[in-house]
Amino acid sequence: MESSTHLTNSEEETIELGRSLAPHLSGAVLLIGNLGAGKTTMTKGIVEGRGVAAVEEVSSPTFTLVHQYGTSDNPVFHIDLYRLDEAREVETLGLDDLFASGALVLLEWAERFPALLPRDRTEIRLKALDDDSREIHITHVTVPHVTDTVR
Ligand SMILES: Nc1ncnc2c1ncn2[C@@H]1O[C@H](COP(=O)(O)OP(=O)(O)OP(=O)(O)O)[C@@H](O)[C@H]1O
Ligand SMILES: [Mg+2]
């Protein structure tokens with residue numbers, strides 16, 4: 001998938017973008033943007049577009065951390081790391097196994113833990129332009145190896 005930039009003017013348009021994107025996604029997908037930017041809203045469309053749950057069934061995993069939609073042959077995982085502060089807390093979630101499984105894994109606030117993420121991933125960046133408008137940039141990246149020390 002090439003990079004693309006989109007403008008949506010309502011929650012429903014962002015859901016629709018997620019639906020249309022869903023068949024083209026695989027592996028780790030980082031949803032990056034401020035509080036209320038639309039990360040969970042986008043997830044609703046992606047989950048519905050994969051055919052594993054309806055929009056109304058998708059809720060934010062802010063407290064539960066990990067939600068799974070669909071059965072083990074076609075799962076979608078939705079993860080929110082907002083409430084975690086330390087990499088060692090994140091490590092207890094077993095993200096490595098999820099990434100290795102090849103399942104679609106949608107992550108909010110995961111960019112806070114760069115060393116724990118696959119280098120090969122899709123990034124969806126959402127930016128609020130005003131109350132109802134969002135600029136949404138989608139790109140596939142392969143980031144360089146992350147080390148603890150940057151010289
Ligand atoms: N164009 C739009 N796209 C997405 N959401 C929009 C749009 N316009 C308005 N909204 C509103 O913005 C809010 C987005 O909330 P959402 O829970 O998706 O954000 P989030 O990025 O997941 O935030 P958090 O970091 O708190 O989890 C909703 O209240 C939604 O109705
Ligand atoms: Mg959210």
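Reader: Is tryptophan 109 buried or exposed, and what is its relative accessible area?
Author: First, a heads-up: this is a predicted model, where local features need pLDDT of at least 70 and side-chain atom pairs count only at pLDDT 80 or more, while totals for chains, interfaces and linings use all residues. Residues are numbered from 1 along each chain as its sequence is written, chains are lettered from A and ligands numbered from 1 in the order in which they are written, and side-chain values use heavy atoms, with hydrogens and water left out. Buried means under 20% relative accessible area, exposed over 50%, and partly exposed in between (1.4 Å probe, protein chains only). Tryptophan 109 counts as buried because its relative accessible area is 15%.

Reader: Where does tryptophan 109 sit, and what is its phi close to?
Author: Tryptophan 109 belongs to the loop between S5 and S6; strands are DSSP runs of E with at least two residues, helices are runs of H or I with at least four, and both are numbered from the N terminus. Most residues other than glycine have a negative phi. Tryptophan 109 has a positive one, near 60°.

Reader: How many residues surround ligand 1, and which element gives the largest share of them?
Author: There are 17 residues around ligand 1 (a heavy atom within 4 Å), with Glu11, Thr14, Lys39, Thr40 and Thr41 the closest. Six of the shell residues are charged (Asp, Glu, Lys or Arg), three are nonpolar (Ala, Val, Leu, Ile, Met, Phe, Trp, Tyr, Cys or Pro) and eight are polar (the others, Gly among them). The largest share, three residues, comes from H2.

Reader: How much of ligand 1's accessible area does the protein cover?
Author: Start with the backbone: polar atoms of glycine 36 and threonine 40 each lie 2.9 Å from an oxygen atom of ligand 1. A polar backbone atom of aspartate 132 is 2.9 Å from a nitrogen atom of the ligand. Of the 650 Å² that ligand 1 has on its own (Shrake-Rupley method, 1.4 Å probe), the protein covers 76%.

Reader: Which side chain makes a polar contact with that of glutamate 123?
Author: Glutamate 123 is in strand S6, and it counts as buried because its relative accessible area is 7%. Among the residues it touches (heavy atoms within 4.5 Å) are Leu30, Ile32 and His137. A polar contact is an N or O pair within 3.5 Å; within protein, one atom must be able to donate a hydrogen and the other to accept it, and sequence neighbours count only through side-chain atoms on both sides. At 2.8 Å, the partner side chain is that of arginine 125.

Reader: How far apart in space are proline 118 and aspartate 96?
Author: Proline 118 is in the loop between S5 and S6, where it touches Ala28 and Phe99, leaving out residues up to four places away in sequence. Proline 118 and aspartate 96 are 22 residues apart in sequence, and their C-alpha to C-alpha distance is 8.5 Å.
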